[in-house]
Amino acid sequence: MGGPAQWTRLIQSHEARRWSSLIIVFLSSLHTDHYHFSSEPSPDSPNSDAMEPHLLDPARLSWPSSIPLTYTTFSLKLLKETKPTLNSPSLFVRAGKRSSESSPKGLQRQPKKDLSRILRREAAISGIERKANSKKYDTLWPKPVLEALDEAIRENRYESALKIFGLLRKQHWYEPRCQTYTKLLMMLGKCKQPEQASLLFEVMLSEGLQPTLDVYTALVSAYGHSGQLDKAFCTIEDMKSVSDCRPDVYTYSILIKCCTKLGRFDLIESIFSEMSYLGIECSTVTYNTIIDGYGKAEMFELMESSLTAMTGSGTCLPDIFTLNSFIWAYGNSGQIEKMEKWYDEFQLMGIRPDIKTFNILIRSYGKACNYQKMVSVMEFMKKRFYSPTVVTFNIVIEMCGRVGNIEKMEEFFLKMKHQGVKPNSITYCSLVSAYSKAGYLKKVDSILRQIENSNVILDTPFFNCVLSAYGQAGDVKRMGELFFDMKERKCKPDNITLATMIQTYNAQGMTEAARNLEVNMITTKDKSGTRLIGC
């Protein structure tokens, strides 16, 4: 008979083999459900060492006397073309996927309304999607089908959207429209599905539709955001041969954004030359796109020269998005003095900060471990009647958790809920990371129980975070349970999910289970083939 240690290893090995077998079965089923793994990492902000800043005088956080101060709650504008993502650094928080700038005013009634709306929406999409899998439904009422399609597109659920679109095409009242194809192509670009976008474009041509400028631009976006710049440039060339579809400033702005996100700054100059040759002038959006791209790449000299070109154009003036790009770039790199300098410069230009600006300042000071300035910014917001949003609280909670100040982190979490700001997936992810780092695994269990009794929409990065926490604790059984919980919540496991589990298995000496999972991970990757989903 072996000792306790030997029995423990045998039990763990048995558990690993059992969960590994179940996971492999689940991974095999992903192909039939059109799930695809993404090699892209979680959209967290990059970590960088920050220099120690000088103390911030609250008086610096003021506007020029020429600008009237209106005591009002913030108004946040979203710039589609230059909207920075959390798939890029997280100070510019993505509006659609993982964050919400809204601030619910009631804790008692609002969650019930949200839950009811979510349940109705899920039921509508699921109901129509079930009918899409059958061949007998061709006389449905237009309203439920079109509403389900719009909702699936809005939530970037491309598998559901394409299935519903396939059902839509079977209806006797269906008429092909370029606007529908444009929305679908934009969604496929966000979901990084260039093959499906290409097939959808072919379907549109087969229906006798002539592509419009918007359709071509959406196709450029789909290729560019998926990293296929060659196809994006080829589409631009195709557009030039169609009289009514020649690329405009919006098309080129999207192409520039794709180049900056992929780090292909060597292509920017040729794009500008081509625009000049075609007589297309840069817009404010174009300049903001390139400034934001240079800032994220820490190419500060080019960023500032682009601002000079922008102000010298005579037609494009800096705006709040320019300000936010500048202070994010310098704040994220730890250059706090330059960040404050440009904050003052833009105020002298008459550009007034918004809630996103203050969130950037708070995060920058937090990364620089200057909590006195973090507090001063929040006090300034309070004096000017800027209500903290879920993004504001998420930033503060993350910063406190990063330095292990659990007590302060929990204090802000309670304050968040007391002020009626609903926590989201990012909030709980920060809490789990902090508790895991501090070794408080029981509090991670408490967070999961809270989420079960809420209507929070979880995502893959959250599950990756929780899996990592239990993996570090060596709890293989709990990891397996959470992995299958992902399917119930319609969260697609990505490479980070599987890499976390494989790493845990190897750390526990369960090499066979890890090898089986790794082999199946490779064989079940994106097999969408050459057929459009739902058609």
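**Burial, ring pairs, salt bridges and helix packing**

Visitor: Why is F300 called buried?
Guide: F300 has a relative accessible area of 16%. Buried means under 20%, exposed over 50%, and partly exposed in between (1.4 Å probe, protein chains only). The value for F300 is under the burial cut-off, so F300 is buried.

Visitor: What are these values computed from?
Guide: This is a predicted model, in which local features need pLDDT of at least 70 and side-chain atom pairs count only at pLDDT 80 or more, while totals for chains, interfaces and linings use all residues. Residues are numbered from 1 along each chain as its sequence is written, and side-chain values use heavy atoms, with hydrogens and water left out.

Visitor: How many aromatic pairs are there in the whole structure?
Guide: The search finds 13. F265 and Y294 form one of them.

Visitor: What makes F265 and Y294 a stacked pair?
Guide: Their centres are 5.3 Å apart, with 20° between the planes. Rings of Phe, Tyr and Trp (its six-membered ring) pair if their centres lie within 6.5 Å; planes under 30 degrees apart count as stacked, over 60 as edge-to-face and the rest as tilted. Both values pass, so the pair is stacked. The pair links distant parts of the chain, 29 residues apart: F265 is in the loop between α9 and α10 (268–277), Y294 in helix α11 (residues 284–296). Helices are DSSP runs (H or I, at least four residues), as are strands (E, at least two), numbered from the N terminus.

Visitor: How do you know that F265 and Y294 are buried?
Guide: F265 has a relative accessible area of 16%. Y294 comes to 8%. F300 and Y330 form another aromatic pair, also stacked: 4.7 Å centre to centre, 15° between the planes. F300 lies in helix α12 (residues 300–312) and Y330 in helix α13 (residues 320–332), 30 residues apart. Y330 is buried too, at 0%.

Visitor: Why is the contact of E151 with R154 called a salt bridge?
Guide: The N to O distance is 2.7 Å. A salt bridge is a side-chain nitrogen of Lys or Arg within 4 Å of a carboxyl oxygen of Asp or Glu. The distance is within that limit, so the pair qualifies. Both residues lie in helix α3 (residues 142–154), three residues apart, about one turn.

Visitor: Are E151 and R154 buried or exposed?
Guide: E151 is buried, at 16% relative accessibility. R154 is exposed, at 56%.

Visitor: What does the salt bridge of R169 and E207 tie together?
Guide: R169 and E207 meet at 2.7 Å, N to O. R169 is in helix α4 (residues 158–170) and E207 in the loop between α6 (194–206) and α7 (213–225), so the pair ties together parts 38 residues apart in sequence. R169 is partly exposed, at 29%. E207 is partly exposed as well, at 22%.

Visitor: Why is α7 called roughly parallel to α9?
Guide: α7 and helix α9 (residues 249–261) pack at about 5°, with axes 9 Å apart. Axes are lines fitted to C-alpha atoms, for helices over the stretch in contact, and angles run from 0 to 180 degrees between N-to-C directions. Angles under 35 degrees count as roughly parallel, over 145 as roughly antiparallel, 65 to 115 as roughly perpendicular and the rest as oblique. The angle therefore makes α7 roughly parallel to α9.
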